[in-house]
Amino acid sequence: MLQQKVAENPDHSDSWRTLGRLQRALGDPDAAIASNRKALDLDPFNAAAHFDLGKLLHDQARPDAARLHLQEVLTIAPSSSYADQVRALGIEPPAPALAQLTAPTASADFADQPSARNEMTSDPSKVARPNDLPAPPHLVGAPTQTVGYEIQTFDGSDDLENRLRQLESEAEFPTSPLRIFLETGLLYNTNVTLTPISRELAQDEQASFQWFASPDLDWKLIRRESSRAGGLFRGYFTANERQFQEFNLASFQPGAFAERDFSFGDNEVIGRVEYVFSNDFFDGNQVGDRHAGTASFTVIRPDLNAWYGYTTVAQSNFEDDGAIPAQTSLDGTTLTTGASHFKRTHWEALPMIAFGTDLEYANTKGDDYRYLSINLHGSTDWQISDRWKFTPTWGVGYRNYPDFTDPIGRDEIFWRVHGKLSYQLTEQLSVSAVAGHDRFASDNEDFDTERSEVGVLIGFKR
């Protein structure tokens, strides 16, 4: 009779749920799971179907997948008898969407996740905020995400990396006012003259072992239910072999930020503004400074795919304007805007991919350094095991110098391929082997250059 009912009315969620209950009672759990999944496809907010499917998965020794559905009951119908039974099992409400976006567990059964995730209810105003709840039990003891690796890239991907680190920290440590991220390690760099802060990409290629450190921290002085504000500090420091110490870089980057959470339709949005002042030195001698303001937004969709967009306006002032400032000065304003997409997959070994594009215009006083560029970049994570992960990244772009004064143009096509193999020692500490190559190809030999890097780093976060 129930089979006839679902055949006549296949879009009725509760009919499929009732059929699943009978199939379970008759000893056919596979058919019961399929029926309950059908019920949830038709109505992702069917708390009873989530409860039944959770119990079925638990009986089949799939506790992580079962917990996801039982937690849905607490989100959708917290006052129901089903929710009371879930609490009696010692299961707590799920983490907010932000936590699930930035710190997925390697054991998550993506095939068992409903199409509408934990925080999304029929009333968008009731979406949980990132700092409302502690980390859920199913994340305790689970593998954590390794910290990132970045030697300054020239394609804008660092902006996405910075934002993902901030989101991950907010998810893992929602009540901590202080976020700390530090990378340090030893590289063999085939071109230490190709430094992160220089507009001048062409130097004599010089190879050296290079120690580096890259701190990134912020302190939330103000924290409200849906907003945060405070100070931040970033930096980038290198030390080369003695004969190349003139390229030892120290970049101090203090600043401030403010961000606010809000809902837009079914999406969770985080708006953020920040200001950073950079003061840069080569071997203790000041090279220049920059004032930079960034406005960004992060949109987390109900399916946990996300978009990140930003616009940065920076004013740079270099100490040396060259012999003919109208031609050789690097001072000026740079406008950068970009968008990146963070997409979850259904593969446990490849949980996410990210890709983006950036546009940049540097309006320098010197004609030789004024340029427009377009860049593409991407990355992914290969979860080899609970502790091992491989992260390949790539970037490609084109930089046009419309006012370059030499008869041979200096337009450049640049690309990079980098990889990091990481081992998670503890929740906060990781060790990684890294390798990569950057290429800047130009018809003008004075500006045709490249570099390769290989080394070992240690990462710390809290």
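Helices here are DSSP runs of H or I with at least four residues, strands are runs of E with at least two, and both are numbered from the N terminus. The model is predicted. By that scheme, the protein has nine helices and 15 strands. Of its 462 residues, 54% are buried. Among contacts with a separation of 6 or more, 60% join residues 24 or more positions apart.

**Helices α2 and α4**

- The axes of α2 and α4 come within 10 Å and cross at roughly 25°.
- That angle is under 35 degrees, so α2 runs roughly parallel to α4.
- The α2/α4 crossing is left-handed.
- On the α2 side, the contact uses R17, R21 and R24.
- On the α4 side, the contact uses A48, A49, D52, K55, L56 and D59.
- By type, the contact of α2 with α4 holds six charged residues, three nonpolar and no polar.

- R17 and D52 form a salt bridge through their side chains, at 4.0 Å from N to O.
- R17 sits in α2 (residues 13-25) and D52 in α4 (residues 47-59), so this bridge ties together parts 35 residues apart in sequence.
- Both R17 and D52 are buried.
- A salt bridge also joins the side chains of D59 and R24, with an N to O distance of 2.7 Å.
- D59 belongs to α4 and R24 to α2, so this pair too links parts that are 35 residues apart in sequence.
- D59 has 52% relative accessibility and therefore counts as exposed, the cut-off being over 50%.
- R24 has a relative accessible area of 35% and is therefore partly exposed.

**Other salt bridges**

- The search of the whole structure finds 23 salt bridges.
- Salt bridges link R179, D216, D218, K220, R228, R234, E259, D261, R272 and E274 in a network.
- The side chains of R301 and D303 also meet in a salt bridge, at 3.9 Å from N to O.
- R301 is partly exposed, at 36% relative accessibility.
- D303 is partly exposed as well, with a relative accessible area of 36%.

**Helices α5 and α6**

- α5 and α6 (residues 81-88) pack with their axes 9 Å apart, at an angle of about 130°.
- The two helices, α5 and α6, are therefore oblique to each other.
- The crossing of α5 and α6 is left-handed.
- The α5 residues in the contact are L70, V73 and L74.
- The α6 residues in the contact are Y82, A83, V86 and R87.
- The contact of α5 with α6 comprises six nonpolar residues, no polar and one charged.

- Is L53, with a relative accessible area of 0%, buried or exposed?
- L53 is buried, because buried means under 20% relative accessible area.
- L53 is part of α4.
- Beyond its neighbours within four places in sequence, L53 is in contact with I33, N36, R37, L40 and H69.
- A66 is 13 residues from L53 in sequence, and their C-alpha atoms are 7.2 Å apart.

- Most residues other than glycine have a negative phi.
- A61 is not a glycine, yet its phi is positive, at about 60°.
- A61 lies in the loop between α4 and α5 (63-76).
- A61 is exposed, with a relative accessible area of 64%.
- Which loop holds L304?
- L304 is placed in the loop between β6 (285-300) and β7 (306-318).
- L304 also has a positive phi, of about 75°, although it is not a glycine.
- L304 counts as buried, at 1% relative accessibility.

Technical notes:
Residues are numbered from 1 along each chain as its sequence is written. This is a predicted model: local features need pLDDT of at least 70, side-chain atom pairs count only at pLDDT 80 or more; totals for chains, interfaces and linings use all residues. Side-chain values use heavy atoms; hydrogens and water are left out. Buried means under 20% relative accessible area, exposed over 50%, partly exposed in between (1.4 Å probe, protein chains only). Axes are lines fitted to C-alpha atoms, for helices over the stretch in contact, and angles run from 0 to 180 degrees between N-to-C directions. Angles under 35 degrees count as roughly parallel, over 145 as roughly antiparallel, 65 to 115 as roughly perpendicular and the rest as oblique. A crossing is left-handed if the near helix is turned anticlockwise from the far one by less than a right angle, and right-handed if clockwise. Contact means heavy atoms within 4.5 Å. Ala, Val, Leu, Ile, Met, Phe, Trp, Tyr, Cys and Pro count as nonpolar, Asp, Glu, Lys and Arg as charged, and the others, Gly among them, as polar.
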